[in-house]
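I opened my notebook today to look around a new structure, one step at a time. Come along and check each entry against the picture.

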Amino acid sequence: MIWCEHDKSRLRRLALGTAQFGMVYGISNQDGQVGHQEVASIMRHAKAAGMDTLDTAMAYGDSELCLGSIGLTGWRVITKLPSFLETCRDITAWVRKEVEDSLVRLNISCLAGLLLHAPMQLLKPEGTALFKALVQLREQRMVEKIGFSIYSPDELDALWQDFRPDLIQSPLNVLDRRLVSSGWLKRLQAAGIEVHVRSLFLQGLLLMKPSARPEKFKRWQPLWEHWAAWLDEQNLSPITVCVGYAMSMPELSRIIVGVDSKQQLDEILLAVAKQSPVLPPDALAVEDIDLITPSHWNRL
Ligand SMILES: NC(=O)c1ccc[n+]([C@@H]2O[C@H](COP(=O)([O-])OP(=O)(O)OC[C@H]3O[C@@H](n4cnc5c(N)ncnc54)[C@H](OP(=O)(O)O)[C@@H]3O)[C@@H](O)[C@H]2O)c1
């Protein structure tokens, strides 16, 4: 596909999630870990569409190595530092070593962003040293922005008083609107903090046909019926609405999308270029964490 400059300037707000590139991942994933060739093709097409940001994590299996082996010229990379272990004696040295190793795997000299994958660890006694270590890396220009990858805006309530990040990554989708309803999106914007969102498709659950949706999600049947009926009535595809919902918020600098194939990326790019004319109804918003937090799904 060839994109005009106008499309590219819109598509640049998308960032590519890479959990799928390093491990078998996702409830709707049929084909396991995405192959090296497919990853290279996805990245090539994403770049041609104007995308410039990759979201990865040290915890995503081989993801960093895979990206590094393909080559990251022209990409801005955000990675995430895992939890430190209780046995860690020197937090500063540990952070530095983890980031240096990550830069080697990625084969780059500087990160656009370093996020804590478990920011609530900042509330432990070692938290101040952990944050200082991040600040030091920023001062030494190994990292441009430091921040937190959160699962719920409640984490911001707990951390805000003592720790000011440059960047926050949060879940957001047509069901999970807590970032907006909590008022945090506006607060972050007012404080000049960059906001990225992920989980637009809830691992693909929001895009699945009813026949493919696992049985355990039946308990939210009225919600699924409402979603399907509304899409039908509006004559819209779920992907257009999922992407359009996030794109409608100018406060979001980057909107991270996960894909298992180049074909899925194309669907997303077309949906953004087309633009969803309608926002999803308020009644679809849910706060039931068993549904909106994928780590709870194993317990259903
Ligand atoms: N046409 C189609 O069918 C189509 C098109 C596009 C996409 N999709 C599907 O949608 C998937 C991507 O969905 P998405 O962009 O909405 O992203 P997502 O997979 O919902 O979420 C992205 C991030 O959220 C966190 N997360 C997700 N599941 C988690 C879990 N079980 N426990 C803890 N954290 C979890 C993970 O970050 P952390 O682990 O770093 O916290 C993950 O990298 C693709 O893999 C593909 O299967 C399908």
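My opening question: which residues point one way from strand E8 (residues 254-257), and are they buried or exposed? I keep in mind that this is a predicted model. I found Arg254 and Ile256 on one side of E8, with Ile255 and Val257 pointing the other way. All of these residues are buried.

**Entry: the neighbours of E8**

Next I looked up the strands that pair with E8. Strand E1 (residues 14-17) pairs with E8 in the parallel sense, over three bridges. Within that pairing, Leu16 has Val257 of E8 as its bridge partner. Strand E7 (residues 194-198) also pairs with E8 in the parallel sense, here over two bridges. Across from Arg254 in E8 I found His196.

I then moved on to strand E6 (residues 167-171). E6 and E7 run parallel and are joined by five bridges. Ile168 stands opposite Val195 in E7.

**Entry: the whole barrel**

What do the eight strands close into? They form a barrel in the order E1-E2-E3-E4-E5-E6-E7-E8, and the pairing is parallel. From one strand to the next, the twist averages 30°.

**Entry: around the ligand**

How many residues surround the ligand? I noted 25, and the closest are Phe201, Gly204, Gly258, Pro294 and Ser295. Helix H11 (residues 262-274) gives the largest share of this shell, three residues. By type, the shell divides into ten nonpolar, twelve polar and three charged residues.

**Entry: two helices**

I turned to helix H4 (residues 91-106) and helix H5 (residues 127-139). Their axes come within 9 Å and cross at roughly 45°. That angle makes H4 oblique to H5. The crossing of H4 past H5 is right-handed.

Asn107 has a positive phi, near 60°. I found Asn107 in the loop between H4 and strand E4 (111-116). Is Asn107 buried or partly exposed? Asn107 is partly exposed, because 15 other C-beta atoms lie within 10 Å.

Arg141 is not a glycine either, yet its phi is positive, about 60°. Arg141 sits in the loop between H5 and strand E5 (143-149). With 10 other C-beta atoms within 10 Å, Arg141 counts as exposed.

Note on methods. Residues are numbered from 1 along each chain as its sequence is written. This is a predicted model: local features need pLDDT of at least 70, side-chain atom pairs count only at pLDDT 80 or more; totals for chains, interfaces and linings use all residues. A residue is near a molecule or strand if its C-beta atom, placed from the backbone, lies within 6 Å of it. Helices (H or I, at least four residues) and strands (E, at least two) are DSSP runs, numbered from the N terminus. Ala, Val, Leu, Ile, Met, Phe, Trp, Tyr, Cys and Pro count as nonpolar, Asp, Glu, Lys and Arg as charged, and the others, Gly among them, as polar. A residue is buried if 20 or more other C-beta atoms lie within 10 Å of its own, exposed if 12 or fewer, and partly exposed in between; C-beta atoms are placed from the backbone. Two strands pair if DSSP finds at least two bridges between them. Axes are lines fitted to C-alpha atoms, for helices over the stretch in contact, and angles run from 0 to 180 degrees between N-to-C directions. Angles under 35 degrees count as roughly parallel, over 145 as roughly antiparallel, 65 to 115 as roughly perpendicular and the rest as oblique. A crossing is left-handed if the near helix is turned anticlockwise from the far one by less than a right angle, and right-handed if clockwise.
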